[in-house]
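Hi,

Here is the structure I promised to send over. Have a look at it first, then read on for what turned up.

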Amino acid sequence: TSRSCKRKMGNGKLIPLFNMPVVSFFQCPFGRRLPCDIYWHGVSFHDNEIFSGQVNKFPGMTEMVRKITLSRAVRTMQDLFPEEYNFYPRSWILPEEFPLFVAEVRMMKESDPAWKPAFIVKPDGGCQGDGIYLIKDPSDIRLAGNLQSRPAVVQEYICKPLLIDKLKFDIRLYVLLKSLEPLEIYIAKDGLSRFCTEPYQEPTLKNLHQVFMHLTNYSLNIHSGNFIHSDSVNTGSKRTFSSILYRLSSRGVDIKKVWSDIISLVIKTIVALTPELKVYYQSDIPTGKPGPTCFQILGFDILLMKNLKPMLLEVNANPSMRIEHEQELSPGVFENVPSPVDEEVKVAVIRDTLRLMDPYKKKKKDNLKSPEASLPSPCLKQVFPKYAKQFNYLRLVERVAALFIRFLGVKGTMRLGPTGFRTFVRNCKLSNSNFSMATVDILYIDITRRWNSVGMDHKESGMCLQAFVEAFFCLAQKRCKSLPLHEQVATLIDFCEYQLATLDEKRLVCSRGIMERRPALITYQPDGLHLAPAHHAPLLNRMAAANKLAGYRSHRL
Ligand code: ADP
C-alpha cells in the first residue's frame, strides 16, 4: 500500500503518478482478494464478485458506444427531436439499411443537384481508424466488398471541417458519468486536439484514400513522416484543446458559444444512451441485490465544422489514459518517453475523478486540514444536473425504458416476453375496441421478429428495449394522430404513468386490507417484479402523474 497514487512502469515498478495523499492504490493483475472502495477495471464492467464500493465502468457501456448501437440510440432521439440532435452526421446501418441509404442519397441528389457528398464507412466495433474508408457514391460500398462481411455504419462525411494550419483536427474530451440515477455528468475543462499530418482538401476521387489528410486518429498519423512530437502543449500534432480555443479567441471567435454547444452535445448524447444503460444496469445489478455503484470516464471525439458547430464522431468507453508515447531511438529500438500534452490533460482527469468518487469526501470536508486543499483546482466541471432544466424535456425514452423495466419480470433479463407486453398494455389500459389484445399480440410479434432478425444477438428471444420503444411510438401515434411525435409520446407516457400509479395505489390499499386480516402475508408481486416497501410513494406518484396530465391537457387547450 502506498500513500500516493502510483502508476506501473513497463518494468513492473510502482512509481508515484501524482500527489494524491488520500488514496491507497493496489494493482491486481491476477484477480482481487480484498474488498475495496473503488475498483478500477481495465476494460469493461464484469465482475460478479463485487458487492459494494464503486466501479469505474457501467454494465453495457462498451456495447452502447459501439458505432451501430450509438447510431441507433441517437437516431431514436433524432426521430423525436430532429433539431436538437443534428450534431450527429446522418448515418445508415449496414448491411440492413443499404437499400435505404441508396434510395435516400438518390432522392437528396435529385432534390439538390449541386450536392456533392462523400461518405465514410466505419466497421462496427472498430477503433483507431481500423477498416475505415471514404466513398463518393453508395455503389462503391459494394465494390469494396464489405457489405456481406462486417456490419458497419456509413455516415455522411463532414466535408468542411475547421482547419488550423491548413490541417484537419478533432477534439478528444473527457467526460465523467458520475451516476446514472440521478444523472450526474462532469466535463473536463481541457481536452486534446489531434491533428492530421497532410494539408486538408475536400474529398475528391483522387484524395479519398489519403488517410493522413482525412482521418485524425493518432494511431494512424503517428506513422506519417510529418508527425510532430512536441514538448509544448500548443504546437505539434497533438495539442491541448485550450490552446486551440486560445488561438480561435484571438481570431475573434466566441469561444463561450463553442463551449456551450459542446456541453449541450455531451449532455444530449448521454441522454440518448441512458435508457438502454439503465436496462443493462437493472439486469446486472437488480434493485435490492447488493452491488457496487458505477461511474465511468468516457472519451468524446468531436469535430468542429468550419462554421464552428461541433459534431459528434464517436464515444469511447475505454479512452487511452497513456501519458507516454513510443519513440524509435534507432531502427527497431523503441522507448517510452513522457508526453507533456497527455500528462497535462489526463492526470487532471483521473485525479479529479478519484476526488469526486472519494467515499470519505464528506467526512474530509468537515476536517479543515483536508489534504485536498493542497491539490490543484478541479478540472472536471459539473454540467448535469447543473443545466438539467434545459435538457430534462429530452428525457422521454428514459421514461419509456422505466416502463419496460417494470414489466421485464425475471431479474437479470433484458428482454420482454409476450406476457410482459400484454400485462403492460392491460395495466396501462391501452387496449380498447379499436385495439384488441389480438392486435397487441400481432404488434409484439411483428416488431420483435424484425428487431431480432437485425439484432446482433440472434440467440436471445423476446422484445429488446429498442423494439419496445418502437412499439410504444407506434401506440402513441395511433392515439394522438395530429401531434408531433415527441408530444404523442409524452402524452402516452403521462397516461401510462398515471394508470400505473393508480394501480399501485389500489394494490397498496388492497394489500393493507389483507395484511390487517392476515399479518403473515407480507409481499406480493405486481407485474411480476419486486415490490417497493409499503409507503406513500404510489399516491405521490399518482398525484404527480395526474398533475402532468392536467398540465398537458390545459397546455393543449
Ligand atoms: P475510430 O473509432 O476507428 O477512430 P471514428 O468514428 O473516430 O472511428 O473515425 C475515425 C476518424 O475519421 C475520426 O477521428 C475523424 O477524423 C474521421 N471521421 C469520422 N467520421 C467522420 C465524419 N462523419 N466526417 C468527417 N470525418 C470523420
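This is a predicted model: local features need pLDDT of at least 70, side-chain atom pairs count only at pLDDT 80 or more; totals for chains, interfaces and linings use all residues.

Let's start with the core. The largest nonpolar core has 101 residues, and the members that touch the most others are I185, F300, F421, F424, F468, F472 and V489. Helix α8 (residues 255-284) supplies the largest share of this core, with 14 residues. Another core, of 15 residues, lies apart from it and includes Y186, A188, V345 and C379.

Beyond its neighbours within four places in sequence, F300 contacts I171, R172, L173, V175, L265, V266, T269, I270, L312, E314 and V315.

Next, the helix pair. Helix α7 (residues 241-250) packs with α8 at an angle of about 140°, and the two axes are 10 Å apart. Angles over 145 degrees would count as roughly antiparallel, so this pair is classed as oblique. On the α7 side the contact is made by F241, L245, L248 and S249, which meet I255, V258, W259 and I262 of α8. By type, the residues of this contact are 7 nonpolar and 1 polar, with no charged ones.

Last, the histidine. H325 sits in strand β17 (residues 324-330). With a relative accessible area of 8%, under the 20% cut-off, H325 counts as buried. Its side chain makes a polar contact with the side chain of H229, at 3.4 Å.

Cheers

Terms used: Residues are numbered from 1 along each chain as its sequence is written. Side-chain values use heavy atoms; hydrogens and water are left out. Helices (H or I, at least four residues) and strands (E, at least two) are DSSP runs, numbered from the N terminus. Buried means under 20% relative accessible area, exposed over 50%, partly exposed in between (1.4 Å probe, protein chains only). A polar contact is a pair of N or O atoms within 3.5 Å; within protein, one must be able to donate a hydrogen and the other to accept it, and residues adjacent in sequence count only if both atoms are side-chain atoms. A nonpolar core is a set of buried Ala, Val, Leu, Ile, Met, Phe, Trp, Tyr and Cys residues joined through side-chain atoms within 4.5 Å. Contact means heavy atoms within 4.5 Å. Axes are lines fitted to C-alpha atoms, for helices over the stretch in contact, and angles run from 0 to 180 degrees between N-to-C directions. Angles under 35 degrees count as roughly parallel, over 145 as roughly antiparallel, 65 to 115 as roughly perpendicular and the rest as oblique. Ala, Val, Leu, Ile, Met, Phe, Trp, Tyr, Cys and Pro count as nonpolar, Asp, Glu, Lys and Arg as charged, and the others, Gly among them, as polar.
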